[in-house]
Amino acid sequence: MDINKPVTNYQLLNAIDEMRKDNKKEQIFINELFKAKFLCPAQAQLNNFNKNNIGQIITGEAGTISLASLDDQQGKHYLIAFTDWKELSKWKQEEIVQTLILTCEDYKRILTKEDSPYAGFVINPYSANILLDKDTLENIHSNEMLIHAGETVLIGEPNDYPTDMVEKLKDMFKKLTEIGSAYLLWMARNEEMSYLLVIDTINGNEHDLFPKVGEVCKPYLKGKFLDIVLLSSQFGQSAIENQKPFYISSK
């Protein structure tokens, strides 16, 4: 991530405005959400740190970073995600804090840790006030798999094939008219690994379908991650090359 580029998120802000005018445009917001970079207030105690020859701070051992959060009326803690420095300036705090640049995926990883004290995160709490809790984040998916320049992505068949999960998916897809075919692969993206489910939809609403698929798969993931993409996407087309589907509709 280039920290020298300003954090602005114009497209996400526009998507929020459009979604509030027409809730059918929620998927546009979701796609922009996964592209966005947020400012997250934090307090860092960096022990034994120094700077390298280009000015980057290299931290030593025993350093700690505490993320700022806000509480709702029930006392639940929500991390803060500001879309730009103007929004951050609305946060009135006496103490001096640092700022981390995080993506939606970064927030998801923090929230889904077993010992996480946070219930979700909130975007621009002093204006748009978009609250995303853990359950919502687990059930929303971008229709676009974003691969950045320089990333290494390897795709193949899972070594530990989740037969039970695949059978449940087959049972589900047989009852749906919008599924043409489906592929289950294993993806290694840089140092992150996950199942990759590629779905060919005929006439369905992907925004409604993906959360339902995620719920079916959830009990069988055993701590592993699941990414879902459409076969119609460029990434989906590339991923299934020379691969066989585990499901083909007979309708």
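**View 1. Ser69 in strand β5 of the predicted model.** Ser69 lies in strand β5, which spans residues 69-71, and the coordinates shown are those of a predicted model. Because its relative accessibility is 29%, Ser69 is classed as partly exposed. Beyond residues up to four places away in sequence, the contacts of Ser69 are His77, Tyr78, Leu79, Ile80 and Tyr118.

**View 2. The largest nonpolar core.** This core has 26 residues, and those touching the most other members are Phe29, Leu33, Phe38, Tyr107, Phe121, Ile123 and Ile130. Two or more residues each come from the helices α1 (10-21), α2 (26-35) and α4 (104-111), and from the strands β1 (37-45), β6 (77-81), β8 (118-123) and β9 (130-133). In soluble globular proteins, nonpolar side chains tend to be buried together.

**View 3. Surroundings of Phe29.** With neighbours within four places in sequence left aside, Phe29 contacts Leu12, Ala15, Ile16, Met19, Ile123 and Ile130. Ile123 and Ile130 are, like Phe29, among the residues that touch the most other members of the largest core.

**View 4. The second core.** A separate nonpolar core comprises 21 residues, including Leu169, Val213, Ile228 and Leu230.

**View 5. The protein chain as a whole.** Eight helices and 14 strands are assigned in the protein chain. Of its 251 residues, 41% are buried. Among contacts between residues at least 6 apart in sequence, 68% join residues at least 24 apart.

Conventions
Residues are numbered from 1 along each chain as its sequence is written. This is a predicted model: local features need pLDDT of at least 70, side-chain atom pairs count only at pLDDT 80 or more; totals for chains, interfaces and linings use all residues. Side-chain values use heavy atoms; hydrogens and water are left out. A nonpolar core is a set of buried Ala, Val, Leu, Ile, Met, Phe, Trp, Tyr and Cys residues joined through side-chain atoms within 4.5 Å. Buried means under 20% relative accessible area, exposed over 50%, partly exposed in between (1.4 Å probe, protein chains only). Helices (H or I, at least four residues) and strands (E, at least two) are DSSP runs, numbered from the N terminus. Contact means heavy atoms within 4.5 Å.
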